[in-house]
Amino acid sequence: MENTSRRALSEREFERAGRVIPGGVNSPARAFGAVGGTPPFIARGQGPFLFDIDGNRYIDYIGSWGPHLFGHGYPPILQAIQAAAETGTSFGAPTVAESELAELIISMVPSIEKVRMVNSGTEATMSAIRVARGFTGRNVIVKFSGCYHGHVDSLLVQAGSGALTLGAPSSPGVPPGCTADTLVLAYNDVESLESAFREKGNLIAAVILEPVVGNMGCVIPTAQFLKSLRSLCDSHGSVLIFDEVMTGFRVAAGGAQQLFGIRPDMTTLGKIVGAGLPVGAYGGRADIMNSVSPVGKVYQAGTLSGNPIAMAAGIAMLRAIQAENPYPRLEVLGQRLERGFLNAATNAGVTACVNRVGSMLTLFFTAGPVKDLASATQSDTKKFSKWFHGMLDRGVYLPCSQFEAMFVSAVHTDEQIDATIAAAAAALS
Ligand code: KE4
């Protein structure tokens, strides 16, 4: 088993970074805030591995927080990026590649009839909400506690005091007016959803959710919850938005909507659709998407949207998915890991449960079941942090928070899964 506890260069670089970048990171999720210690500074990725600047090798279960379905440096994607870079980096004018990626997305996600590229998942959800509000002429947005949709002002909100009280900002810098029309409900809580629609149905522009949650750890929707979402949005003329930034092309070629057989009105995408380059996308019913400028009046724009290099990466990724159909393999690997983690926890006498959909999973340090934020936050985060560092020191790189999902790639091998399970057993004992 690797010993990767020596990270002197990363410690030095973390100090240096902290002098010029807030917290030394360009996204707080990477700062190890929830687990303490110093994040390894990465020199390169290759297949299922990350290598840090101290020369340590890790089996990677973050995959850049989701994008790397085929691991790091997957040749067809790398070649596509290199070839695109030869022709230029950005033109600010339409290119054929943008239509190619749009056509691929539409062919794989049938609920999407038209799609607009942006540069991140946040941009995708921010735009989708604006379009839903513009299309319906309504203001209220329903979201669920524990779901994260990027740092959109109107979605940085904590639940209002009463179940049906509109939200208050959860971050400084977000004026109360931005969240005054956001209603936060509990995930999987059909009753509160029904009463929200009874009370405010004619004001609700859209409901947005992660159709498999990654951002409170992996949490799976009940069939009844999904069914109620679809029927209540139908009966009240509200837009159902599936935020598939994480689940899109991850849990199935057609995302969670294909897995569960629920057709949303709009879908947001990110991560895998850009193969690790900055791509987000939002799309859905043509009648809704035709309200977007320049066809309609809802304004949305972006200098680098549809960037040719990012499009080439996304096209190569989706073509690889179509050619390789990685999902049966991802299911087998995910199952092995789930079983191995549960056996290791049982043998160590540690209370834990696992939620998993395909290659997306979370080991929660609680008996469970974990079905919403209240049950997820029952987890022992001290035990998680100790396990996280035990795994990192044994060469296994997990998401640095109990409330994140980990990802297996199609290029992880049985041997790496077994080494991960052995490390888990050692780190839990
Ligand atoms: P980005 O703006 O980070 O590309 O996407 C925002 C977003 C939207 N929707 C879902 C379901 C998401 O999971 C995300 C971003 N996910 C986090 C990890 N849970 C990104 C990690 C980070 O913020 O650095």
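The model is predicted. The protein chain is divided into domain 1 (4-61 + 326-428) and domain 2 (75-324). The contact between them draws on 21 residues from domain 1 and 23 residues from domain 2.

**How the domains meet**

- The centres of domain 1 and domain 2, taken over C-alpha atoms, are 26 Å apart.
- Together the two domains bury about 1700 Å² between them. Carbon and sulfur atoms account for 66% of that area.
- On the domain 1 side, Tyr 327, Val 357 and Met 360 supply 37% of the area buried against domain 2.
- Eight residue pairs are in polar contact between the domains, both residues at pLDDT 80 or more. The count of salt bridges between domain 1 and domain 2 is zero.
- Strand S13 (353-357), strand S14 (360-364) and helix H12 (373-376) each give at least two residues to the side of domain 1 that touches domain 2. S14 gives the largest share, four residues.

**Helix H13**

- H13 runs over residues 381-393. Its 13 residues should span 18 Å at 1.5 Å a residue, and its end C-alpha atoms are 18 Å apart, which agrees.
- Asp 380 caps the N-terminal end of H13. A side-chain oxygen of Asp 380 lies 3.0 Å from the backbone nitrogen of Lys 382.
- Buried residues in H13 include Phe 384, Trp 387, Phe 388 and Met 391.
- The buried residues of H13 pack against several elements, among them helix H11 (327-347), S14 and helix H14 (414-428).
- Just after H13, Gly 395 takes a positive phi of about 85 degrees.

Methods: Residues are numbered from 1 along each chain as its sequence is written. This is a predicted model: local features need pLDDT of at least 70, side-chain atom pairs count only at pLDDT 80 or more; totals for chains, interfaces and linings use all residues. Side-chain values use heavy atoms; hydrogens and water are left out. The expected span of a helix is 1.5 Å times one less than its number of residues. Buried means under 20% relative accessible area, exposed over 50%, partly exposed in between (1.4 Å probe, protein chains only). Contact means heavy atoms within 4.5 Å. A polar contact is a pair of N or O atoms within 3.5 Å; within protein, one must be able to donate a hydrogen and the other to accept it, and residues adjacent in sequence count only if both atoms are side-chain atoms. Domain bounds come from an automatic or database domain assignment. Buried area is the accessible area (1.4 Å probe) that two parts lose on being put together, summed over both. A salt bridge is a side-chain nitrogen of Lys or Arg within 4 Å of a carboxyl oxygen of Asp or Glu.
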